[in-house]
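I set out below what I looked up in this structure.

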Amino acid sequence: MSKIELNNVSVSYITGDFSTVGLKDVVIQKIKRQYKPKEFTAVKNVSFSLEEGELLGIVGSNGAGKSTLLKVISGIMRPTTGTMAVRGNIASLLELGTGFDGDLTVRENTFLRGAMLGYTREFMNRTYDSIIEFAELREFEDRLFSHLSSGMKSRLAFSIACLVHPEILILDEVLSVGDGAFRKKSEAKMLEIIKGGATTLLVSHSLDQIRRMATKVLWLDKGQQIAFGETKEICDRYAEFLNGK
């Protein structure tokens, strides 16, 4: 049974409502039966399935719908049309700092984030030291989260997500933040997680990183699914597309 399965999933937004044209104009247009809200499709008819232990690399230019798709799979958004099945507990890193309170310390935020992911206090007590050591934040555990650099925030978020043993790990460009040494360590940890059976989705603008890590690749462009398949084939096609621009 697939861990993640999408069938013709689409996500659309209504634009051109009173927030842009004015409430008075919308009311007048509705009275005259002239009101026609515009619809923007961010993701259109995406279909794929992933098995346990696979890593899906998602590629595409800005505005391709990558982050929207991850939000749907994470449960933050619902698809407008299509069906989806996600089987397993999810740890997701979609935006740097999401799920953290800037007025709490690193230590407090670690336990807060763990609770949000559904883990018990006892489990977090056992795991806390490993999280802090991996994030290289031992000297900063009593500092306010808002005082950390973007790289430190990314390291903490990644460490929590990876060290709480998720069945499904969703990462949106988080490995692009931080120094080279930590990115290398992060990639090694991700490979370890995958070998442990976790299913991972990774959005990255680094095609080399996708080639090294992904077992499957999904290529999106302006919301459309261009291709889904084996890593080398899709990466080669995507590289040709980029070179032809």
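Does Glu 141 count as buried or exposed, and at what relative accessibility? I found that Glu 141 counts as buried, at 11% relative accessibility; buried means under 20% relative accessible area, exposed over 50% and partly exposed in between, with a 1.4 Å probe and protein chains only.

I note that this is a predicted model, in which local features need pLDDT of at least 70, side-chain atom pairs count only at pLDDT 80 or more, and totals for chains, interfaces and linings use all residues. Residues are numbered from 1 along each chain as its sequence is written, and side-chain values use heavy atoms, with hydrogens and water left out.

I next looked up salt bridges, each defined as a side-chain nitrogen of Lys or Arg within 4 Å of a carboxyl oxygen of Asp or Glu. The search of the whole structure gave 13 salt bridges. Glu 141 meets Arg 138 in one of them, at 3.4 Å from N to O. Arg 138 is partly exposed, its relative accessible area being 32%. Both belong to a salt-bridge network that also links Arg 107, Asp 129, Glu 133 and Asp 142.

I then turned to Glu 136, which forms a salt bridge with Lys 185, their closest N and O atoms lying 2.8 Å apart. Glu 136 lies in the loop between α5 and α6 (150–163) and Lys 185 in helix α7 (residues 180–195), so this pair ties together parts 49 residues apart in sequence. Helices are DSSP runs of H or I, at least four residues, numbered from the N terminus.

Finally, I checked helix α3 (residues 66–74), where seven of the nine residues are buried.

Note on methods: Helix = DSSP H or I, 4+ residues; strand = E, 2+ residues; numbered from the N terminus.
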